[in-house]
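User: Hi! I'd like to go through this model with you. Could you walk me through it?
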Amino acid sequence: MAVFTADAAPVVAPALPELQELWRLIDQGGAMVRARELARVSVAGGELPVVAVTMGNPDPAVPGLGFIGGVHGLERIGAQVVLAYLGSLVRRLRWDLSLHQQLESLRLVFLPVVNPGGVLTGSRANPQGVDLMRNAPQDAEHPVPFLVGGQRLSRRLPWYRGAIGAPMQPESDALCRLVREELLGRPVAMTIDCHSGFGLHDRIWFPYARSRRPMRHLAEVHALCEVLDQGLSPHPYIMEPQSRHYLTHGDLWDHLYDESITLDRGVFLPMTLEMGSWLWVKKNPRQLLSRHGMFNPLIEHRQRRVLRRHMAWLDFMTRAAQGASRWMPGPESRLDHGEQALIRWYRRRD
Ligand SMILES: [Zn+2]
């Protein structure tokens with residue numbers, strides 16, 4: 001994997017504000033921040049890199065947390081939320097001793113712009129027309145909603161999965177490699193993948209997207225939900241399995257979660273933040289006239305408010321990752337958490 005520094009930013013890259021901000025932060029972070037290029041995608045006018053940043057202790061025995069954005073190019077606010085949090089950490093490195101202590105026993109991984117070609121052109125899919133969040137080689141276990149659940153009819157229609165049997169797209173592959181190399185196999189690892197465009201509320205989704213079955217680590221997710229409710233109250237989030245809303249083929253987090261189960265080493269909890277963008281539309285109906293309006297706050301003060309709104313949760317998750325051994329349920333409480341979770345999210349008593 002190529003080591004990447006801000007100085008080596010490719011000159012052929014078309015200007016993309018999110019990547020320019022990333023170069024600035026890599027530069028500011030100095031020796032505390034390590035950046036690497038995972039892939040390069042061709043776009044009109046040149047190439048754009050898929051760049052990951054890591055901070056903290058690389059020891060596989062410490063917990064890890066990943067921040068992901070820009071999987072869907074149209075949902076720029078997701079990339080901006082990740083960059084805003086990375087920016088706050090980088091700026092605090094100069095003076096915040098507690099942050100330095102935190103990084104001694106924690107690994108942090110950032111991939112703010114998974115799909116730079118899509119961000120550049122303002123499209124959900126990558127430049128090949130593939131929806132990266134439908135691109136994993138997995139089919140749903142039940143019928144999925146037409147098109148939205150993932151389709152192989154045409155790359156000209158949205159939610160295209162890619163050709164059957166084709167390798168994963170370079171962007172999806174880059175994300176999977178990064179999670180595999182940096183996070184899977186740690187005693188505890190979590191990821192937060194930031195999206196927008198669904199509903200009125202901010203939601204935190206966990207697997208599965210392809211099945212209505214509960215995930216194996218439902219008790220752990222329930223324990224995390226409990227410390228979130230206790231430690232960050234009041235908070236705006238609704239935590240739930242994605243399958244409560246709709247099922248999809250090819251979800252990358254389902255795919256990586258299954259890989260962690262096969263690996264059978266440590267607990268991996270992938271979370272997706274779905275920012276409730278319809279609220280921004282409701283407050284400013286003119287947003288409907290813009291293609292970006294359904295997915296991004298268009299007014300500057302609202303954008304700042306959205307960024308600020310999520311910083312506290314991202315910081316909470318960093319602390320939760322570091323202190324995971326204190327809240328993860330042990331043998332005496334795991335059954336109880338599991339039962340409560342089934343009642344809460346699956347309305348089952350068995
Ligand atoms: Zn999305």
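**Zinc site and contacts**

Analyst: Happy to! Along the chain, the donors of the zinc ion follow the spacing H-x2-E-x119-H; donors are N, O and S atoms within 2.8 Å of the metal (3.2 Å for Na, K and Ca), and water is not among the atoms, so sites may look incomplete. Glutamate 75 sits in the loop between β4 (64–69) and α2 (76–92) and histidine 195 in strand β6 (residues 188–196), a pair 120 residues apart that links distant parts of the chain. Helices (H or I, at least four residues) and strands (E, at least two) are DSSP runs, numbered from the N terminus.

User: Before we go on, what kind of model is this?

Analyst: It is a predicted model: local features need pLDDT of at least 70, side-chain atom pairs count only at pLDDT 80 or more, and totals for chains, interfaces and linings use all residues. Residues are numbered from 1 along each chain as its sequence is written, and side-chain values use heavy atoms, with hydrogens and water left out.

User: OK, which atoms coordinate the zinc ion?

Analyst: His72 (ND1), Glu75 (OE), Glu75 (OE) and His195 (ND1), at 2.1 to 2.4 Å.

User: And are glutamate 75 and histidine 195 buried or exposed?

Analyst: Glutamate 75 is buried at 4% relative accessibility, and histidine 195 is buried at 3%. Buried means under 20% relative accessible area, exposed over 50%, partly exposed in between (1.4 Å probe, protein chains only).

User: New topic: how many residues are in the largest nonpolar core?

Analyst: It has 99 residues, and Phe110, Met190 and Trp313 have the most contacts inside it. Helix α2 gives the most to this core, with 10 residues. A nonpolar core is a set of buried Ala, Val, Leu, Ile, Met, Phe, Trp, Tyr and Cys residues joined through side-chain atoms within 4.5 Å.

User: How many salt bridges are there?

Analyst: The count comes to 23, where a salt bridge is a side-chain nitrogen of Lys or Arg within 4 Å of a carboxyl oxygen of Asp or Glu. One of them joins glutamate 18 and arginine 76, with the closest N and O atoms 2.8 Å apart.

User: Why does that pair tie together separate parts of the sequence?

Analyst: Because glutamate 18 lies in helix α1 (residues 17–29) and arginine 76 in helix α2, the pair ties together parts that are 58 residues apart in sequence. Glutamate 18 is buried too, at 4% relative accessibility.
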